[in-house]
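Here is a short briefing to read alongside the structure.

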Amino acid sequence: MPLIVVASGKGGVTKTTTTYALGAALRELGEEPVLLDLDPGASLTENAGLIADGTHALDLLEGRGTVESLSAPTTDEIPLIPGTGDLLASNGDRTQLIAWAERLRAAAATTLLVADTAQGLGLPATRAALLAADYIVVPMQAEPAVIKRSYPDVLALLRLFRSDPELRPRFPLSPILLFVLTKHNNRLGLTRHELDKLAKEGVQIAAYVPTGVAAAEACLSGKSVVTYAPRSPVAQGYRDLARTLIAAMNSRKIEVAS
């Protein structure tokens with residue numbers, strides 16, 4: 001089973017909304033995802049109507065528990081391993097980075113993990129998740145300041161990993177990147193301009209999630225937008241992302257089998 005990591009070099013691009021909605025959409029399509037909150041701010045945990053009760057994501061990273069023992073159902077009835085502020089206390093050295101990444105890969109060997117990450121790419125838990133990732137979902141918006149810091153930072157970190165002779169033999173380092181445009185409004189000239197720039201840079205958008213109030217309202221309910229407003233264009237955008245992801249997963253399975 002793969003490890004799917006939702007990450008961006010830029011904050012405020014709806015990573016948490018995307019993680020929860022993607023998990024719900026994957027479940028609708030017959031998958032059995034488990035959500036993992038690697039954000040010390042625990043936004044996903046809070047949005048999903050949970051409070052960490054003493055067991056959390058750091059326990060998984062440190063090998064003190066299993067996915068089954070650490071997860072609890074969200075309001076959407078999706079298993080979630082809560083986030084914790086204790087993630088800020090990690091030292092972030094190489095030994096820890098490798099150990100955390102290896103534990104994430106071990107957990108994902110039997111579980112479809114969908115991990116939310118903190119703002120930016122600096123925290124050790126985020127870097128470990130990206131090192132171990134099979135798929136990286138990068139939410140972004142069609143604004144120059146957002147695009148400049150979103151996917152280029154992710155690509156730069158992956159290049160750094162690939163240049164490391166100690167990491168190359170221990171991790172696949174070949175994640176599939178899926179770019180999702182959130183708060184999309186194609187009627188804006190700026191949006192069309194930025195999409196043209198992305199196309200010239202070879203960035204293909206996997207899904208378009210339109211702007212709308214449904215996602216913000218869903219946060220107050222403890223539900224994902226897919227469950228809260230299933231017929232909304234926002235929910236449909238995330239279903240499109242889930243279908244694209246499943247297609248990529250199936251394609252990779254065929255490659256491995258052959």
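**Salt bridges and a cavity**

Arg94 is partly exposed, its relative accessible area being 40%. Its salt-bridge partner is Asp164, with N and O 2.7 Å apart, and Asp164 counts as buried at 15% relative accessibility. Please keep in mind that this is a predicted model.

**The salt-bridge network**

- Arg94, Glu102, Asp164, Glu166 and Arg170 are joined in a network of salt bridges.
- Asp164 counts as buried because its relative accessibility of 15% falls under the 20% cut-off.
- The side chains of Arg170 and Glu102 also form a salt bridge, at 2.9 Å from N to O. This pair links distant parts of the chain, 68 residues apart: Arg170 sits in the loop between helix 8 and strand 7, and Glu102 in helix 5.
- Arg170 has a salt bridge with Glu166 as well, where the closest N and O atoms are 3.9 Å apart.
- Arg170 is partly exposed at 42%, as are Glu102 at 33% and Glu166 at 35%.
- The count for the structure comes to 8 salt bridges.

**The cavity**

- Searching the whole structure turns up 1 cavity of 30 Å³ or more.
- The largest cavity has a volume of about 80 Å³. Helix 1 (15–28) and helix 10 (214–221) are the elements that give two or more residues to its lining.
- Helix 1 gives the most to this lining, with 4 residues.
- Residues lining the largest cavity include Thr16, Tyr20, Asn47, Cys219 and Lys223.
- By type, the lining divides into 6 nonpolar, 4 polar and 1 charged residue.

Methods:
Residues are numbered from 1 along each chain as its sequence is written. This is a predicted model: local features need pLDDT of at least 70, side-chain atom pairs count only at pLDDT 80 or more; totals for chains, interfaces and linings use all residues. Side-chain values use heavy atoms; hydrogens and water are left out. On a 1 Å grid over the protein atoms alone, a cavity is a set of points where a 1.4 Å probe fits but cannot get out, and a pocket is an open set with protein on both sides within 12 Å along at least five of seven lines; lining residues have an atom within 4 Å of a point. Grid points are joined across faces, edges and corners, and a volume is the space filled by probe spheres set on the points. Ala, Val, Leu, Ile, Met, Phe, Trp, Tyr, Cys and Pro count as nonpolar, Asp, Glu, Lys and Arg as charged, and the others, Gly among them, as polar. A salt bridge is a side-chain nitrogen of Lys or Arg within 4 Å of a carboxyl oxygen of Asp or Glu. Buried means under 20% relative accessible area, exposed over 50%, partly exposed in between (1.4 Å probe, protein chains only).
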